[in-house]
Amino acid sequence: VDIPVGAELVFSRDENIKAMVKDNRSVEFNGEVVSLSVAADRALRQIGIQWKSVQGPAYWMYDGETLDERRKRFESGG
């Protein structure tokens, strides 16, 4: 969704939690390269929330919008 490698992503539930884009499918989070969903799961656990599964793009933001919102906007031509 047009996010450059090296860009900083911000966790939507705590903007002090960040990840860095490594490639189309992974981010660096707490020094480890993982998927968006794994990073979101670990970030949620950091703030005391534990779920069975997590959709990473719904929790990571770039330029003020979640990656899920951004994908939907790009798909609709916005």
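Author: First, two strands pair if DSSP finds at least two bridges between them, and strands (E, at least two residues) and helices (H or I, at least four residues) are DSSP runs, numbered from the N terminus. This is a predicted model, where local features need pLDDT of at least 70, side-chain atom pairs count only at pLDDT 80 or more, and totals for chains, interfaces and linings use all residues. Residues are numbered from 1 along each chain as its sequence is written, and side-chain values use heavy atoms, with hydrogens and water left out.

Reader: OK, how do strand 1 and strand 2 pair?

Author: Strand 1 and strand 2 (residues 18–21) run antiparallel, with 3 bridges between them. A hairpin of 6 residues joins strand 1 to strand 2, and Val 10 sits opposite Lys 18 in strand 2.

Reader: And what does Val 10 face in strand 5?

Author: Met 61. Phe 11 has Trp 60 as its bridge partner in strand 5. Strand 1 (residues 8–11) and strand 5 (residues 60–62) are antiparallel over 2 bridges.

Reader: What's the strand order in the open sheet?

Author: The 6 strands go 4-3-2-1-5-6, with antiparallel pairing. Strand 4 (32–34) and strand 6 (65–66) are the edges, each pairing on one side only.

Reader: Switching topic: how much space is in the largest pocket?

Author: About 420 Å³. A pocket is an open set of points on a 1 Å grid over the protein atoms alone, where a 1.4 Å probe fits, with protein on both sides within 12 Å along at least five of seven lines; lining residues have an atom within 4 Å of a point. The volume is the space filled by probe spheres set on the points, which are joined across faces, edges and corners.

Reader: Which residues are closest to its centre?

Author: Of the 19 lining residues, Val 1, Asn 24, Arg 25, Leu 36 and Leu 67 are the closest.

Reader: Which helix gives the most to that lining?

Author: Helix 2, with 3 residues. Helix 1 (36–46) and helix 2 (67–75) each supply at least two.
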